[in-house]
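Here is a friendly walk through the model shown below. Keep the structure open as you read, and follow each element as it comes up.

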Amino acid sequence: MLLKYFTPALYLKSFEDLDLNWLISRKIRLLILDIDNTLAAHDEQTAGVQAQAFVQKLKDHGIQAVVMSNNNKDRVSLFASSLDVPYYYFSTKPLKRMYKKVLRDTGLQPEQCAVIGDQLLTDILGGNRMHFVTILTTPLVSRDITWTKLNRLVENQVYRCLEQAGILKRGEYDE
């Protein structure tokens, strides 16, 4: 069943709703963070107070964080530096190449990693292909760059299939 690749382990309204005990109970040691429309709008250059507090909370709980984005180096490095975390740019999510690099760089196994992001076609598909724990959030804002707008058209069809299969309904979040 192909829908399993688009099915997150957890569906939340926002990264701020993530209970870190949920990650800890699954022995997650690394959270891979998407930037655009997950932690910040695509036109916000640095992390806001909420994202900074969230990443600090991860670190305080012994969970490493890295930023992974399909965006360019300038965008990703500036944002990651505001969080003081490593980063991976032009990551070509959902392809496996950069996820494998993260595993090599951290020395972790797939079952110790989780991905959080707002797109089924990049973040969730890529994470599930790697056998990571996947966490879907609602996009922070409705404005997207052109490429993401195209992804959203296909993503809407995937959401319909997930709903028809009784797997996930947009807006009905996990507790």
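The model you are looking at is a predicted one. In it, 6 strands form an open sheet with parallel pairing, in the order 1-6-5-2-3-4. Strand 1 (10-12) and strand 4 (87-88) stand at the edges, and each has a single partner strand, so one side of each is left without a neighbour in the sheet.

Strand 5 (residues 113-117) runs parallel to strand 6 (residues 133-137), with 4 bridges between them, and here G117 stands opposite L136 of strand 6. Strand 5 also pairs with strand 2, again in the parallel sense and over 4 bridges. There, A114 of strand 5 is the bridge partner of L31.

How many of the residues of strand 5 are buried? The count is 5 of 5, so this strand is mostly covered, with buried meaning under 20% relative accessible area. In a regular strand the side chains alternate between the two faces of the sheet. Strand 5 can be read that way: C113, V115 and G117 point one way, A114 and I116 point the other way, and all are buried.

Helix 5 (residues 120-129) is mostly covered too, with 9 of its 10 residues buried. Among the buried residues are L120, L121, I124 and L125, and the list also includes T122, D123 and N128.

## Salt bridges

A search of the whole structure turns up 6 salt bridges. One of them joins the side chains of K93 and D34, at 3.0 Å from N to O. This pair links distant parts of the chain, 59 residues apart: K93 is in the loop between strand 4 and helix 4, and D34 is in the loop between strand 2 (30-33) and helix 2 (49-60). Both K93 and D34 are buried.

R75 and D36 form another salt bridge, in which the closest N and O atoms are 2.4 Å apart. Here too distant parts of the chain are linked: R75 belongs to helix 3 (residues 73-81), D36 to the loop between strand 2 and helix 2, and they are 39 residues apart. R75 is buried, as is D36.

K169 and E172 also meet through their side chains in a salt bridge, at 3.8 Å from N to O. K169 counts as partly exposed because its relative accessibility is 37%. Salt bridges with shared partners also join D34, K93 and D123 into one network.

## Backbone points worth a look

Most residues other than glycine have a negative phi, and most peptide bonds are trans. Where does the model depart from this? K93 and P94 are joined by a cis peptide bond, with omega about 20°. P94 sits in the loop between strand 4 and helix 4.

Positive phi values turn up as well. K27 is not a glycine, yet its phi is positive, about 60°; K27 lies in the loop between helix 1 (20-25) and strand 2. With a relative accessible area of 63%, K27 is exposed. H131, which follows helix 5, has a positive phi near 65°. H131 lies in the loop between helix 5 and strand 6 and is exposed, with a relative accessible area of 64%.

## Surface patches

Which residues form the positive surface patch? They are K96, K100, R104 and R129. R104 is part of helix 4 (residues 97-106). Its relative accessibility is 60%, so R104 counts as exposed.

A nonpolar surface patch of about 280 Å² is made by L150, L153 and V154. L150 is placed in helix 6 (residues 146-164). At 45% relative accessibility, L150 counts as partly exposed.

How values were computed. Residues numbered from 1 in each chain as written. Predicted model: local features only at pLDDT ≥ 70, side-chain atom pairs only at ≥ 80, totals over all residues. Heavy atoms only, no water. Patch = residues over 30% accessible without salt bridge, like charges linked within 9 Å, V, L, I, M, F, W, Y side chains within 5 Å. Areas by Shrake-Rupley, 256 points an atom, 1.4 Å probe, with all protein chains shown as cover. Salt bridge = Lys/Arg side-chain N within 4 Å of Asp/Glu carboxyl O. Lys, Arg positive; Asp, Glu negative; His and termini not counted. Charge placed at Lys NZ, Arg CZ, Asp CG, Glu CD. Helix = DSSP H or I, 4+ residues; strand = E, 2+ residues; numbered from the N terminus. Buried < 20%, exposed > 50% of the residue type's maximum accessible area, 1.4 Å probe, protein only. Pairing = 2+ DSSP bridges.
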